[in-house]
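Trainee: Could you take a close look at the helices of this model, starting with how they pack and ending with what lies around individual residues?

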Amino acid sequence: MAGPVSRRAPGAPRRDPRPGRALRVAVVGGGPGGLYAAALLKRLDPDRDITVWERNAPDDTFGFGVVLSDETLGGIEHADPAVYAALQAEFVRWDDIDIVHRGRVLTSGGHGFAALGRRRLLEILHERCAALGVRLRFRTEAPPAAELAASHDLVIAADGVHSRTREAHADVFEPHLTTHRCRYIWLAADFAFDAFRFEIAETEHGVMQLHGYPFSASASTVIVEMREEVWRAAGFDELDEQESVARCAKIFAEALQGRPLASNHSSWTAFRTVVTGRWSHGNVVLLGDAAHTAHFSIGSGTKLAVEDALALAACVQEQPGLPEALAAYEAERRPVVESTQRAAAASLRWFEDLAGHLDQPPRQFAFNLLTRSRRVTHDNLRLRDPRFTDAVERDFGCPPGTPPMFTPFRLRGLTLRNRVVVSPMDMYSAVDGVPGDFHLVHLGGRALGGAGLVMTEMVCVSPEGRITPGCAGLWTPGQAAAWRRVTDFVHHQSPGTAIGVQLGHSGRKGSTRLMWEGIDQPLDSGNWPLVAASPLPYRPGVNQVPHELHRAALTDIREQFAAAARRAARADFDLLELHCAHGYLLSGFLSPLTNRRTDAYGGSLAARLRFPLEVFDAVRAAWPGERPMTVRISATDWAPGGTTAEEAVEIARAFAEHGADAIDVSTGQVVPDERPEYGRSYQTPYADRIRNALKVPVIAVGAISSWDDVNSLLLAGRADLCALARPHLYDPHWTLHAAADQGYEGPGAPWPLPYRAGSRKPPTGRTDAPKPRLSLTPRPPRP
């Protein structure tokens with residue numbers, strides 16, 4: 001018996017039913033996630049009353065093959081051996097990935113895939129649900145979630161990317177949907193690829209790509225994808241289903257061995273990323289694509305849904321009540337899903353920008369594709385396929401036994417012994433702009449730590465250009481002399497390490513407290529007037545309104561930069577970087593969010609570039625010709641209406657044409673309401689785009705935290721140098737320790753003579769117990 005029906009308001013929090021009565025569960029949507037959740041919940045408690053509503057017929061399905069990871073399969077094996085055994089009997093397994101680059105096939109092995117047909121997966125789950133006693137209602141539209149919530153203890157909304165449940169309660173679930181720039185279509189071939197295959201077609205209309213993989217001994221999934229503008233230019237928007245299928249088969253005839261493609265109610269669509277603020281509402285919970293989506297290029301949709309089902313069933317079993325179970329489910333799964341979505345977003349954008357990578361050398365292109373999501377790295381790929389990775393390293397120019405990060409790099413007259421940069425980090429520890437003992441120890445210590453280039457913090461060109469009273473400067477000869485003390489130490493005590501200076505002006509972000517006293521907060525007293533491209537405060541009502549700069553003041557500031565550059569040269573810096581990022585003065589001219597001028601310095605991008613380029617030219621003229629000069633830019637403002645990725649390329653192009661030797665590609669910090677997409681190496685795609693579009697050296701920054709990340713970015717051709725900040729605060733000898741961890745002792749990372757005795761990691765106490773010599777099992781009795 002189901003028991004009495006609750007009369008509470010739909011969606012109201014509810015604990016488990018009265019003691020002794022099993023849960024009554026409604027599942028909306030009969031995809032893999034919904035079915036598996038139903039099967040698990042019923043298996044864990046056979047008395048549960050569980051119904052699945054599916055509006056389609058049992059054999060209706062969209063798409064063809066499903067890829068599952070070993071991790072997901074391990075969870076299935078532990079939770080339900082019967083389902084695992086049925087899947088094992090159906091799986092097609094393979095190890096290789098084939099990447100076809102301009103007619104050349106490059107193969108990487110050791111990846112380990114398992115796939116089966118989506119229809120067969122559903123059949124297995126249908127059979128399992130039926131055997132356990134789950135009611136399956138096919139060709140039946142589920143009642144609204146609010147109605148089900150009133151008559152059931154738990155409602156699982158597994159109704160897909162277009163979830164009606166999610167939309168009906170959007171005020172609670174807070175969905176955010178993003179439609180992306182490529183069109184794709186799911187098709188099938190009547191033969192099995194012998195590897196996961198990526199094939200690129202460079203057509204008269206633009207670049208198209210094929211993603212293909214086997215899902216049975218005689219069939220493969222084929223996904224054809226291209227940018228929206230390519231799709232329209234090729235006329236796909238005017239073709240029906242069969243015409244599209246035939247056109248795709250013709251374009252990729254070589255990959256398909258001249259065979260046709262098949263469809264299954266297939267249509268062109270643009271991928272939509274679904275993110276939800278909450279996953280549950282009372283006793284209604286979202287699962288799978290209803291709660292989140294991740295791009296198919298990392299094979300994650302079914303995987304995530306099945307893993308959701310495993311976690312939800314476990315939490316319902318473990319927690320004392322449903323509110324606790326649903327909270328635990330979301331707490332467990334959300335970090336995993338968000339990590340997957342970050343990886344999927346990186347992969348998605350890589351394919352959106354595929355055309356920009358095609359001119360890379362073949363093996364570098366293949367390595368770039370394989371590591372696009374940042375989940376597969378250089379070290380990981382070396383374990384999977386050392387022969388392929390060795391070949392990529394040889395093409396890159398790595399001497400035998402030399403990791404990519406320890407290869408030298410030349411900028412103008414300066415040769416850096418390795419590719420590691422200590423990123424500029426404001427220390428707020430100067431007095432009247434003069435660097436003191438702290439700077440000597442801070443920068444000197446990091447120079448001894450092995451980086452190829454150590455950068456100062458932003459050094460201000462005037463007292464009014466400081467961010468805080470603790471900022472260092474180069475507006476007096478005394479400051480230059482103090483900096484010379486630092487550069488002399490680096491050059492004499494750590495020969496081979498270069499030291500660079502970053503020149504900047506705070507603009508509207510000045511006259512604030514030291515970071516640890518209140519970041520971006522104005523001083524309690526002693527504030528100085530601010531200047532900017534436009535009279536817009538950084539935080540309205542908090543920071544002061546800056547004065548809009550006019551011609552005479554622009555000239556004065558330009559000359560302040562040039563004078564600071566001459567002092568930097570006398571201070572014997574090896575490299576100079578012009579700070580045009582993070583919302584400071586020059587960045588404020590570049591961004592349309594902070595530059596509202598109507599004169600020659602505002603409006604179009606060319607006009608917004610005018611003053612930063614004037615400053616660059618003046619600094620370049622003052623800086624010695626043999627010494628390199630770089631520019632740091634914010635490649636996106638992470639805010640609507642701000643600098644776009646396309647504009648960032650043009651900004652970089654302009655500085656390169658004026659003589660910049662490299663572009664230091666950062667992002668954001670321009671406006672306070674930015675919404676960065678944080679994650680490991682999250683800013684590097686912007687560096688990648690600029691490097692491959694302009695063939696100009698770039699410095700990548702942004703949550704690069706491991707030497708494996710550095711090696712991966714360099715080999716993939718996404719960066720020439722990698723700048724790390726926080727890792728060098730945590731470990732001043734980060735570079736030397738990276739060399740030790742990789743067993744490298746070459747010229748790219750020499751230990752200072754006084755430190756050489758510490759070049760090997762100290763031994764630690766044993767943490768493993770001795771293994772038993774004998775297995776002492778009871779002896780069977782003698783007959």
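Mentor: Helices (H or I, at least four residues) and strands (E, at least two) are DSSP runs numbered from the N terminus, and axes are lines fitted to C-alpha atoms, for helices over the stretch in contact, with angles from 0 to 180 degrees between N-to-C directions. The model is predicted, so local features need pLDDT of at least 70 and side-chain atom pairs pLDDT 80 or more, while totals for chains, interfaces and linings use all residues. Residues are numbered from 1 along each chain as its sequence is written, and side-chain values use heavy atoms, leaving out hydrogens and water.

Take helix H18, residues 551-570, which packs against helix H20, residues 605-622, at an angle of about 35 degrees, the two axes lying 8 Å apart. H18 passes H20 in a right-handed crossing (near helix turned clockwise from the far one by less than a right angle; anticlockwise is left-handed). On the H18 side the contact (heavy atoms within 4.5 Å) is made by Arg551, Leu554, Ile557, Arg558, Phe561, Ala562, Ala565 and Arg566, and H20 answers with Phe611, Glu614, Val615, Ala618, Val619 and Ala622. Sorted by class, this contact of H18 with H20 holds 10 nonpolar, no polar and four charged residues (Ala, Val, Leu, Ile, Met, Phe, Trp, Tyr, Cys and Pro are nonpolar, Asp, Glu, Lys and Arg charged, the others, Gly among them, polar).

For another pair, consider helix H10, residues 301-318, and helix H11, residues 322-352, whose axes come within 8 Å and cross at roughly 150 degrees. H10 and H11 are therefore roughly antiparallel to each other (over 145 degrees; under 35 is roughly parallel, 65 to 115 roughly perpendicular, the rest oblique). This crossing, too, is right-handed as H10 passes H11. H10 contributes Leu304, Glu307, Asp308, Ala311, Leu312, Cys315 and Val316 to the contact, and among the residues of H11 that take part are Leu322, Tyr329, Glu332, Arg333 and Thr340. The class count for H10 with H11 is 11 nonpolar, one polar and four charged residues.

Helix H1, residues 32-44, spans 18 Å from its first C-alpha to its last over 13 residues, close to the 18 Å expected at 1.5 Å a residue (1.5 Å times one less than the number of residues). Because 11 of these 13 residues are buried, H1 is largely enclosed by the rest of the structure (buried is under 20% relative accessible area, exposed over 50%, partly exposed in between; 1.4 Å probe, protein chains only). Those buried in H1 include Pro32, Tyr36, Leu40, Leu41 and Lys42.

Helix H15, residues 437-448, has 12 residues and reaches 16 Å, close to its expected 16 Å, and nine of the 12 are buried. Among the elements covering the buried residues of H15 are strand E20 (420-422), strand E21 (453-460) and helix H16 (477-493), and just after H15 glycine 450 takes a positive phi of about 105 degrees. Within H15 sits histidine 442, buried with a relative accessible area of 9%; leaving aside residues up to four places away in sequence, histidine 442 touches Met425, Met427 and Leu729.

Leucine 136, in strand E8 (residues 135-138), is partly exposed, with a relative accessible area of 23%. Apart from residues up to four places away in sequence, leucine 136 touches Leu35, Val52, His126 and Cys129, and Leu35 is one of the buried residues of H1.
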